[in-house]
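Look at the model below. This report covers charged pairs, the overall fold and the confidence of the prediction.

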Amino acid sequence: MNHTRWLAAASALSILTLAACQQGQAPANETAGSEAAPAETADGLSKLARIEMNPDVSYLSAEEKEVVNLLIQAAGYMSEIYKRQNTPNY
C-alpha cells in the first residue's frame with residue numbers, strides 16, 4: 001500500500017475513533033445506570049462507554065486490513081493508558 005493510502009486509512013480510523021468517543025459521553029447530570037458494579041462506580045470506569053463497530057472491510061486489500069488491525073491494537077493500548085491516567089486506583 002502506498003504511503004498516501006495508508007495515511008488516509010489511518011486518518012479515517014482516527015477520526016472515527018474520536019467521533020465514537022464523543023458519542024459515548026453522557027451529560028454530567030445523568031447517571032450511568034444500575035448495571036455498573038460498585039467498584040466500577042467508585043473508580044470512574046462506569047463513565048466509559050463500550051462501542052461496538054462492525055464496519056464493511058470487504059473492499060480493503062489484505063495489507064490494508066493488516067494496517068487497520070494494527071491501528072485497532074494501538075487504540076487498545078491508548079485506551080488502557082487513558083484509563084490508568086484518569087481512573088484512581090486502576
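A salt bridge is a side-chain nitrogen of Lys or Arg within 4 Å of a carboxyl oxygen of Asp or Glu. Side chains of opposite charge can pair when their charged atoms come close. The model is predicted, so local features need pLDDT of at least 70 and side-chain atom pairs count only at pLDDT 80 or more, while totals for chains, interfaces and linings use all residues. Residues are numbered from 1 along each chain as its sequence is written, and side-chain values use heavy atoms, with hydrogens and water left out.

How many salt bridges does this rule give? The count is two. Here they are.

| Salt bridge | N to O distance |
|---|---|
| R50 and E52 | 3.7 Å |
| E80 and K83 | 3.7 Å |

Take R50 and E52 first. Both residues are exposed. Exposed means over 50% relative accessible area, buried means under 20%, and partly exposed lies in between (1.4 Å probe, protein chains only).

Now turn to E80 and K83. Both sit in helix α3, which covers residues 62–86. Why are they about one helical turn apart? Because E80 and K83 are three residues apart in that helix. E80 is partly exposed, with a relative accessible area of 29%.

Helix α3 also holds E64. Is E64 buried or exposed? E64 counts as buried, because its relative accessibility is 8%. The side chain of E64 reaches the backbone nitrogen of S61 at 2.8 Å. This is a polar contact: a pair of N or O atoms within 3.5 Å, where within protein one must be able to donate a hydrogen and the other to accept it, and residues adjacent in sequence count only if both atoms are side-chain atoms.

Next, the whole protein. The protein has three helices and zero strands. Helices (H or I, at least four residues) and strands (E, at least two) are DSSP runs, numbered from the N terminus. The order from the N terminus is α-α-α. Of the 90 residues, 9% are buried.

Last comes confidence. pLDDT is the predictor's confidence in each residue, from 0 to 100. The protein averages 73, and 60% of the residues score at least 70. Confidence is highest in α3, at a mean of 91, and lowest in helix α2 (residues 38–43), at 52. Over residues 23–40 the pLDDT is below 50. Beyond near neighbours in sequence, that stretch has six contacts in the model (heavy atoms within 4.5 Å). Where pLDDT is low, the predicted coordinates should not be read in detail.
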